[in-house]
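Hi,

Here is the structure I promised to pass on to you. Have a look at it first, and then read on for what I found.

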Amino acid sequence: MVGIEYLLLVAGMGLVTYLPRWFPLFFLSRKPLPRWFIQWLELIPVAILSALVLPDLLVAGDPRQIEWIQPKSLAALPTFLFAAKTRSLGGTVLAGMLFYFLAERFLPS
Amino acid sequence: MRDSRKASVSLKEVFEAVWPICVGYFAIGAAFGVLAQKAGLKPLEIGLMSVFVFAGSAQFIAVSMLSSGAAAASVILTTFVVNIRHLLMSSSLAVHLNGCRRRFLFLYAYGITDESFAVNTTRFREGRWNAYNALAVNHIANVVWVGSTVAGGFAGQFIPAGSYGIDYALSAMFISLLVLQTRGGIYVITAILAGGCSVLLSLFVPGNMHVIVASLFGATAAFGIRAFLDGQRGGSRW
């Protein structure tokens, strides 16, 4: 069986994860937001996507450093071009997996 | 967004949106299950953590902290810091879910992850999405995550790691969504500023605070640049 200590641990982890997910949604969606704030929020998704994906592709190792030549970064350029050309989410995911598979296979490690 | 609340779920469109997340979650979830099992967690315990927390990177960090004997309080505090970036995603989603009922928002908030946020916000922006489709994406992704982590805990060693480029599914999904979201100069500027700042910060700041700091910086700087250019041109918009 699962111990009470572990249950309290995951409940605590769950609570501190849930609150930041819920708080802005709950309070900001109650009333109309000021125009400038909406215009600022419109830039947030692109900013988050870019802030998530670039380190994922370019930064590796411990301690972290920029690695230009590794499977993830090498596969990124053709994946990016494929996405820009086709604008297809599913197609890009499959193509990206293929590019990564090839990069891993043919890059001497 | 009033119309988006009346519309119902389109399973076909939801599936088209969610399957890349499912592929990625399967790969990462199974890997997490294997790791957690090796750290001494039972499948039921793994499942409970996935249900309560539903956040990949935080769960990986928590398990590695637990196996090195960290105290519960420090695991919870670390989880909070790792997941505080959701504040920003939740704020941004509020624009699209404005006026939804409280009960709906309680359910919706649970499923906000990097991946569901990226997919849903792109479709909302394209104007072909409604709140229920988005909620369905969140919860299907959740079921796949919980299932994959538990499966990894049961049968970890039998799931081949890193085959067929599956590890790249989420990276490719983010690249594609970034391209789809970047329409027009101001978005390109935002992406370059936030991405560049994020890479630099990640080299010096441990953990993943670089994501939220770089996003705030990129969006705010681009917002300022646009306001400045609008002022110069006498109010014309990009």
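In chain B, 77% of the contacts with a separation of 6 or more come from residues 24 or more positions apart. Please keep in mind that this is a predicted model.

Let me stay with chain B for a moment. Its secondary structure consists of 12 helices and 0 strands, and the elements, read from the N terminus, go α-α-α-α-α-α-α-α-α-α-α-α. Chain B is as compact as a globular protein of its length, because its radius of gyration of 19 Å is close to the 18 Å that the globule rule gives for 238 residues. Along the principal axes, the C-alpha atoms of chain B occupy a box of roughly 65 × 45 × 40 Å. As for burial, 54% of the 238 residues of chain B count as buried.

Now to the place where the two chains meet. The contact involves 76 residues from chain B and 63 residues from chain A. On the side of chain A that touches chain B, at least two residues each come from α1 (4–28), α2 (35–41), α3 (44–58), β2 (65–66), α4 (71–86) and α5 (89–106) of chain A. Which element gives the most to that side of chain A? The answer is α1(A), with 19 residues. Sorted by class, the side of chain A that touches chain B holds 47 nonpolar, 11 polar and 5 charged residues.

Best wishes

Note on methods. Residues numbered from 1 in each chain as written. Chains lettered and ligands numbered in written order. Predicted model: local features only at pLDDT ≥ 70, side-chain atom pairs only at ≥ 80, totals over all residues. Helix = DSSP H or I, 4+ residues; strand = E, 2+ residues; numbered from the N terminus. Rg over C-alpha atoms; globule rule 2.2 N^0.38 Å. Buried ≥ 20, exposed ≤ 12 C-beta atoms within 10 Å, placed from the backbone. Contact = placed C-beta atoms within 7 Å. Nonpolar A, V, L, I, M, F, W, Y, C, P; charged D, E, K, R; others polar.
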